[in-house]
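This report covers aromatic ring pairs and strand pairing in one model.

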Amino acid sequence: MRVLVVEDDAKLAAVLRQGLKEQGCAVDIAGDGAMGLNLALTTDYDAVLLDLMLPGPDGLEVLRELRRQGRVMPVLILTARSSVGDRVLGLDLGADDYLPKPFDLKELFARLRAITRRPQVEPSTTLRVADLELDLSRREVSRGGTRIELTAKELALLEYLLRKKGMVVTRAMILDHVWDMEYHGGSNLVEVYINYLRRKVDQDFEPKLIHTVRGAGYVLRIEE
């Protein structure tokens, strides 16, 4: 999952970056409203964490412009403002949730999972295709009832494939969302980790779920 943090408090932004990376997210930081708006309009984010009290356009102005231009990614407002009016206005402008400062990172992660939950995700926060399951709250993977141990990056890669199930994702998209890296054509990092994942979640099971689309990328689906 790729997350944009728009926060002018450098210390808090650093804490959020580290915490989100430990959750397997790729993270971009914007220190003011103008930079945050530009990144949110030009980059495909799965979610935005948006402070209200920003230099330049403030958080409400950024949110208003995002929605005006048709950007529908989930937005979680983070702010020290205590006014009910600010909270109501933010939600009315299209924010998906509101978390007052100071906050606990565990609560932030839970709210982030909630607002990024796709329609196919069950209330138990489980991503599933066939008998392969990823419990987002426990960060546990199983197939056919058998628990599968994955590294943090393998789990992040599987989560991305599950969220995009049925869609072909390119190597560049995977590097961007899972490793926060640009694809320059010479790296085989994605192929290596796809193979790691296949050995753990596909090799001893049927049907096979991770498929290579020649010349395009990879897709997680049940082949008919």
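## Aromatic pairs and hairpins

Two aromatic pairs are counted, where rings of Phe, Tyr and Trp (its six-membered ring) pair if their centres lie within 6.5 Å, with planes under 30 degrees apart taken as stacked, over 60 as edge-to-face and the rest as tilted.

| Ring pair | Centre distance | Plane angle | Class |
|---|---|---|---|
| Trp-179 and Tyr-193 | 5.1 Å | 70 degrees | edge-to-face |
| Tyr-193 and Tyr-196 | 5.1 Å | 75 degrees | edge-to-face |

Trp-179 lies in helix 7 (residues 171-179) and Tyr-193 in helix 8 (residues 189-201), 14 residues apart, and their pair links distant parts of the chain. Tyr-193 and Tyr-196 are three residues apart in helix 8, so about one helical turn separates them. Trp-179, Tyr-193 and Tyr-196 form one aromatic cluster. Trp-179 is buried at 14% relative accessible area, while Tyr-196 is partly exposed at 33%; buried means under 20%, exposed over 50% and partly exposed in between (1.4 Å probe, protein chains only).

The model is predicted: local features need pLDDT of at least 70 and side-chain atom pairs pLDDT 80 or more, while totals for chains, interfaces and linings use all residues. Residues are numbered from 1 along each chain, and side-chain values use heavy atoms, without hydrogens and water.

Helices (H or I, at least four residues) and strands (E, at least two) are DSSP runs numbered from the N terminus, and strands pair if DSSP finds at least two bridges between them. Strand 6 (residues 126-129) pairs with strand 7 (residues 132-135) in the antiparallel sense over four bridges. Strand 7 also pairs with strand 8 (residues 140-143), again antiparallel over four bridges. Leu-134 in strand 7 stands opposite Leu-127 and has Val-141 as its bridge partner in strand 8.
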